[in-house]
Amino acid sequence: MAANMYRVGDYVYFENSSSNPYLVRRIEELNKTANGNVEAKVVCLFRRRDISSSLNSLADSNAREFEEESKQPGVSEQQRHQLKHRELFLSRQFESLPATHIRGKCSVTLLNETDILSQYLEKEDCFFYSLVFDPVQKTLLADQGEIRVGCKYQAEIPDRLAEGESDNRNQQKMEMKVWDPDNPLTDRQIDQFLVVARAVGTFARALDCSSSIRQPSLHMSAAAASRDITLFHAMDTLQRNGYDLAKAMSTLVPQGGPVLCRDEMEEWSASEAMLFEEALEKYGKDFNDIRQDFLPWKSLASIVQFYYMWKTTDRYIQQKRLKAAEADSKLKQVYIPTYTKPNPNQIISVGSKPGMNGAGFQKGLTCESCHTTQSAQWYAWGPPNMQCRLCASCWIYWKKYGGLKTPTQLEGAARGTTEPHSRGHLSRPEAQSLSPYTTSANRAKLLAKNRQTFLLQTTKLTRLARRMCRDLLQPRRAARRPYAPINANAIKAECSIRLPKAAKTPLKIHPLVRLPLATIVKDLVAQAPLKPKTPRGTKTPINRNQLTQNRGLGGIMVKRAYETMAGAGVPFSANGRPLASGIRSSSQPAAKRQKLNPADAPNPVVFVATKDTRALRKALTHLEMRRAARRPNLPLKVKPTLIAVRPPVSLPAPSHPASTNEPIVLED
């Protein structure tokens, strides 16, 4: 009964997914909704798998500093791996979750220098935290509530001086005496002087314009003058004047007027006090956040001083009573029965009732964490296509601590060749999906990426082995069969044997006869198409398969079929080159027409307009231009007057073979 009773302030497990680990939360409030359900307002605590890799590196450096300062005993790699699962990061993020999702209690403590880290592994459901995580800013900061315990935080008490021995310490760095209890004044005289100081303070507030606005009535001014700041000033005045009442009274009222002493309670306005109360309700006693978000124009010392003065007012007492009344109306505890429904990730054994996750699992698979082959119950873990599973104890460990008991290969653990279920054949996305630090939301993205950019940087020994052991490596055969395994260890061993012998005999260098540069340039110029000088202006790119067709003028570029492009019936592609034998032209039947890859698209082609073409464009109306653009296969009707003025001009034949009668500019 007590184990299933959850109260405000308890650290509990929440389950938001059947396959993901539990969420660790602290209950702040228990509220009953309108439909009768109970919701818990909780504080979020994050695991290492919930933060980025850069923040994990920062947490690792903080852990190393803690181990060095506290002189922790040495732990094994597996214990260090499991300690990362016990570390949490506190936050100030709140959320509301259904109380029915609670799956048990746990213990979370602030890490202290006197604690031994290995003791956390000996206790079940025990966690620790030392850093605070901000989910919005994505930062890790040290907790301000750290208890300073240790030798470096203790005061150093000097030895007692002997009789007659002088004190050689710097007295200016010592404390200053502000009151002498063995003064010559009696208690009655001191009280009378304090009454005079209050009266002077009340008169000073009456003369001050700003104070008369804040305390418009006499009793409010008298109450403000009776605060501790006035009494401290009066007693300090007595101490500075050697407890002479006449000198002290003259100091209270100097020549310029009475001395006015005001504390933070009077310096703050009513609107600033309301902002402070709102910030205190949101952040608690975190004065740094209060100053940063609500009162940036106030100093930290001013905010702290105002807080302790505000606690002496009636306003604080009223708010305390209201909070107590609200707490009485809220739930103090809630009973949640033990969750007994089967997990959907359970693997149904052969002979039992078939389940969704039990079908298709191979026999003989081991646990991904402890590598055991026998368990009373198995659970599916990781992506379904990998068919990974965990035993019952490792599944409970995964749900509670968010990781596996043993380090995985991605975390640097060296696995031997005798491992029954090696992951050496897995691709990088599949291997990352098996990591316990990869969330389920990112596994689908990793598996969907079948192309990833990578760089293969070979060593000098590898490059030497390619040349020395060509008979064993067979690079041409390996290039044609990239999936075939290569025995790299045997090649390295053979290379180490042949290398000392090969160093004595120089390598045979086959000289390569190269043509002179002038010949190469001459061949390139002969093969390259001529690029005519084009007038300045915007070049209009068109499709290259648009050929000349008569639209009323013989000199205008028109469209024609592929067969007339080369004159010999040779089909051409879109870039003007003859089609390969495996690709059909547009005039051939399109039974099995091959689709070109967008990456193999032809280079852009520029159509250079002639003077006759530009003159024709100017003669056409806007409607005719639109009609010609929409139906380029129809002949263009031109007015006879335009033909009489400008007779058709035949274009000269190009001096190089091309697919059109106009010069083509190829831009790379």
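Colleague: Which residues form the nonpolar patch on the surface?

Modeller: Leu-515, Leu-517, Ile-520, Val-521, Leu-524 and Val-525 form it, with about 590 Å² of accessible area together. A patch here is made of residues with over 30% relative accessible area and no salt bridge, where nonpolar side chains (Val, Leu, Ile, Met, Phe, Trp, Tyr) are joined within 5 Å and like charges within 9 Å. The areas come from the Shrake-Rupley method with a 1.4 Å probe, and for residues only the protein chains shown count as cover.

Colleague: Before I go on, what sort of model is it, and how are things counted?

Modeller: This is a predicted model, in which local features need pLDDT of at least 70 and side-chain atom pairs count only at pLDDT 80 or more, while totals for chains, interfaces and linings use all residues. Residues are numbered from 1 along each chain as its sequence is written, and side-chain values use heavy atoms, with hydrogens and water left out.

Colleague: Which residues gather in the patch of positive charge?

Modeller: Arg-467, Arg-470, Arg-476 and Arg-480 gather there on the surface, and Arg-470 lies in helix H18, residues 470-473. Lys and Arg count as positive and Asp and Glu as negative, with His and the chain ends not counted, and the place of a charge is taken as NZ of Lys, CZ of Arg, CG of Asp or CD of Glu.

Colleague: Changing topic, how many salt bridges does the count come to?

Modeller: The count comes to 19 salt bridges, taking a salt bridge as a side-chain nitrogen of Lys or Arg within 4 Å of a carboxyl oxygen of Asp or Glu. One of them is between Asp-10 and Lys-105, with the closest N and O atoms 3.9 Å apart. Asp-10 lies in the loop between strands E1 (5-7) and E2 (11-14) and Lys-105 in strand E6 (residues 102-110), so the pair ties together parts that are 95 residues apart in sequence.

Colleague: What about Glu-494 and Arg-498?

Modeller: Their side chains meet in a salt bridge at 2.8 Å, N to O, and because they are four residues apart in helix H20 (residues 488-504), about one helical turn separates them. Glu-494 is partly exposed at 25% relative accessible area, and Arg-498 is also partly exposed, at 23%.

Colleague: Which residues are linked in a network of salt bridges?

Modeller: Glu-15, Arg-103 and Lys-399 are linked in that way.

Colleague: Now the strands: does E6 run parallel or antiparallel to E2?

Modeller: E2 and E6 run antiparallel and are joined by four bridges, with Tyr-11 standing opposite Cys-106 in E6. E6 also pairs with strand E7 (residues 126-134), in the parallel sense over four bridges, and the partner of Ser-107 in E7 is Cys-126. Two strands are taken to pair if DSSP finds at least two bridges between them.

Colleague: What order does the open sheet of three strands have?

Modeller: The order is E10-E11-E12, with antiparallel pairing, and the edge strands, each pairing on one side only, are E10 (346-347) and E12 (388-390). Two bridges join E10 to E11 (residues 378-381), where the partner of Gln-346 is Tyr-379.

Methods
Buried means under 20% relative accessible area, exposed over 50%, partly exposed in between (1.4 Å probe, protein chains only).
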